[in-house]
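Trainee: Could you show me how to read the contacts between aromatic rings in a structure that is new to me?

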Amino acid sequence: MIYFELFWSFLKIGLFSFGGGYAAIPLIQDIIVHENNWLTVAEFTDLITISQMTPGPISVNSATFVGLDVAGFWGAFFATLGNLMPSFVIVTFVAWLYLRYRTIDTLQNVLKVLQPAVIAMIAAAGVSLIITAFWGLDPILLANTSVSAVILFIFSLVLLIKYGIKPITVMLLAGVLNLLWSFIIQFF
């Protein structure tokens, strides 16, 4: 039964996660954390971090990770299959439609209308991740703010935007800095 639940849950994620991985994060969180209670909010944040650090789409990595955590190898298999199936079917059909009707203005207008909604979904996912990183499960108060998380966030943002450093390098630097910070705090 758990295999079917994993397959069905990630089939829904694959079917309704328009706009790519970042736009799918709120839907993934709702299904994994709130609907099925497979992960806590803190574990979900770790999942997104791991999914971002590993090759492949966030939703596929999430499906594999959650499936493995909940039901082992076959759980990972069915969760990943459920996540990939809608994309395969939909992309094949949409590619056929687009190649056949790409000159129609209505199709171009529909694609333009979807862009703001996708951007809003990505922004909502970003805000949710920032809240979890800065405050965890604590109330959002200045006293509860993780100063080290804020400093690492600003440092990473500057490296990414101002200096154009590659994301993997920024993630490695942030990890090393966090380890150093933890080491310093432990001994002082």
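Mentor: We will go through the aromatic pairs, taking two of them as worked cases.

Mentor: This is a predicted model, in which local features need pLDDT of at least 70 and side-chain atom pairs count only at pLDDT 80 or more, while totals for chains, interfaces and linings use all residues. Residues are numbered from 1 along each chain as its sequence is written, and side-chain values use heavy atoms, with hydrogens and water left out.

Trainee: How many aromatic pairs does a search of the whole structure find?

Mentor: Rings of Phe, Tyr and Trp (its six-membered ring) pair if their centres lie within 6.5 Å, and planes under 30 degrees apart count as stacked, over 60 as edge-to-face and the rest as tilted. By that rule the search of the whole structure finds 10 aromatic pairs. One of them joins Trp74 and Phe77 edge-to-face, at 5.4 Å centre to centre with 80° between the planes.

Trainee: Why are Trp74 and Phe77 separated by about one helical turn?

Mentor: Helices (H or I, at least four residues) are DSSP runs, numbered from the N terminus. Trp74 and Phe77 are about one helical turn apart because they are 3 residues apart in helix H4 (residues 58–101).

Trainee: Which parts does the pair of Phe134 and Phe153 tie together?

Mentor: Phe134 and Phe153 also form an edge-to-face pair, with 5.5 Å centre to centre and 80° between the planes. Phe134 lies in helix H5 (residues 105–135) and Phe153 in helix H6 (residues 147–161), so the pair ties together parts that are 19 residues apart in sequence.

Trainee: Is Phe134 buried or exposed?

Mentor: Buried means under 20% relative accessible area, exposed over 50%, and partly exposed in between (1.4 Å probe, protein chains only). Phe134 is buried at 11%, whereas Phe153 is partly exposed at 34%.

Technical notes. Helices (H or I, at least four residues) and strands (E, at least two) are DSSP runs, numbered from the N terminus.
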